[in-house]
Amino acid sequence: MLQNIRDNSQGWIAKTIIGLIVVLMALTGFEAIFQATSHSQDAAKVNDETISQNELSQAVDLQRRQLMQQLGKDFDPALLDEKMLREAALKGLIERKLLLQGAKDAKFSFSEAALDQMILQMPEFQVDGKFSAERFDSVIRQLGYGRMQFREMLTEEMLISQLRTGLVGSSFVTDKQVEAFARLEKQTRDFASLTFKADPAAVKVSDEEVKAHYDQHAKEFMTPDQVVIDYIELKKSAFFDQVEVNEDELKALYEKEVANLAEQRHAAHILIEVNDKVSDAQAKARIEEIQQRLAKGEDFAALAKEFSQDPGSANNGGDLGFAGPGVYDPAFEQALYKLNQDQVSAPVRTEFGYHLIKLLGVQAPEVPTFASLKDKLTRELKTQQVEQRFVEVTKQLEDAAFEASDLAQPAQDLGLKVQTSAAFGREGGEGITANRSVVQAAFSEEVLDEGANSNAIELDPETVVVLRVKEHRKPSQLPLEAVAKNIHDHLAKEKAIAELKAKADKLIAGLRDGSVAADAAHEGQAWKVQEAVTRGQDGIDPAELQAVFRLAKPESKDKPVYGSVVLGDGSLVVLQLKGVNEGAAATDEEKTQIRRYLASRAGQQDFAAYRKQLEANADVTRY
């Protein structure tokens, strides 16, 4: 529709549409129209706080990536329901918003300083054990965040964590609960088993059965929804050879750079903090006492080691090393730059407390020659021009693509090449089609259904693309011949397991009524006896163990209890529970561990109940 409007914007179609809009306004009023569009960028509203469509898109992308990572090679994109994925992501965002509101109401907070320390210490952002700004930017960019967005997200995570910890940590359990759990945990069981293997090859599945299953489950046998796209790729690096700089510009930049060079000052300090336990007056009195001791000739470094509350410098005699302007608190810096060699300042108040500052040395700036900086300055000037040129051409590309009905003309105008991708689905493909923004644009209503060119899409800070759908390969029914074997094998396995189950039920009935001897062999195999088996016993299939411990306790040893379980490989195990053995009493250490586990589990349940209460009391609107 949008492409048609573009092509006919001066014709009778445009006039008709405008006429309809005027009539709509007359009938419903401006308010109704603006109300319909006012939430176009919102996905939901939670107690007067909105969740944007952009937040929802990021959450959907994150869920998709997590599914792909968890399932690995077993991930089948055709089974991914985009609508369900979107609903699940929105549900998670609403829950997150409610928890943040709960944390705010409970007066939880997380300071900027604490956030800085957390980011600096996160190993994901470190290179050779030290924080790397480049690594930080690279990692968060891959996650789809800018710096401020990531800080905001991390702050929110810490607030929710504080709320969760507060609720979970307040739970407790009684001694009786601990003892009851310990008895169950230490309980062992004596049982015997017979294992029957399913034999799908021995089962007959007719062509009619295969066809019937195919018809009943037609939606399961569809090709994936795929597109092939044409795209124009614009790279920033291509502009470096197109821009030039002259000598005068380089010299002007050189003069500006060397003018900004400043001397480095070697400082040491003694800090007395002002905090919840120490008032301003107390800290000031303490720093003045230290000042008096310095005046009497005591050593600055020794006093810093003894009294300074700056953990980073106290052990080094308060030594802060060399630094230039802009590093320290303004009040600290102003006092430092007024000092002469070896002079100590009067007490200086900053946001941290009171300082005594000593100037240990001054290092004059080293002024590099123009020749030594010429290459660097050339790159800087070119980078500025390339950045500006890249922005201009990106705008030209976007405008040209908007006005054109294909990509050939915009590519020709800008001297670029139209490239074509391989077919890919909603899970993405390789190359640029692995980028989620590209996939979202390709499958958007405007590009896929209306045949429009996309907006400019930033793949990374150096690359922009514009795309259009060249071919849409809609989901189609796979022919019966292509899936007949898989259906046959599936039905054969189901039938084989059903036959095993019927045989097991008949055997168990005979064992219970006594018509079959309890210790008799069956189909050439004897009962496999297991004694004093624990809940976590090695060498036994977890499904079999779980089934054994779900059986009721036998009334007596000569009256075993029977059951059966189908294992993951399709085999069936008949179970004969002979006895239940109580374990030894738990030690104090074991009881402590059990108490911790039960309290944590109860805390998680309390937290889940709190979330439900928040949701029940909330005013939530989905758009």
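Biologist: Between which strands does the loop with asparagine 47 lie?

Modeller: This is a predicted model, in which local features need pLDDT of at least 70, side-chain atom pairs count only at pLDDT 80 or more, and totals for chains, interfaces and linings use all residues. Residues are numbered from 1 along each chain as its sequence is written, and side-chain values use heavy atoms, with hydrogens and water left out. With helices (H or I, at least four residues) and strands (E, at least two) taken as DSSP runs numbered from the N terminus, the loop that holds asparagine 47 runs between strand E1 (42-46) and strand E2 (49-52).

Biologist: What is the relative accessible area of lysine 107?

Modeller: Lysine 107, found in the loop between H5 and H6, is not a glycine either, but has a positive phi of about 70 degrees. Lysine 107 is exposed, and its relative accessible area is 72%.

Biologist: How are H6 and H8 oriented to each other, parallel or perpendicular?

Modeller: Glu112, Leu115, Asp116, Met118 and Ile119 in H6 meet Phe150, Arg151, Leu154, Thr155 and Met158 in H8, contact meaning heavy atoms within 4.5 Å. The axes of helix H6 (residues 112-121) and helix H8 (residues 147-168) come within 11 Å and cross at roughly 105 degrees; axes are lines fitted to C-alpha atoms, for helices over the stretch in contact, with angles from 0 to 180 degrees between N-to-C directions. Since under 35 degrees is roughly parallel, over 145 roughly antiparallel, 65 to 115 roughly perpendicular and the rest oblique, H6 and H8 are roughly perpendicular.

Terms used
Buried means under 20% relative accessible area, exposed over 50%, partly exposed in between (1.4 Å probe, protein chains only).
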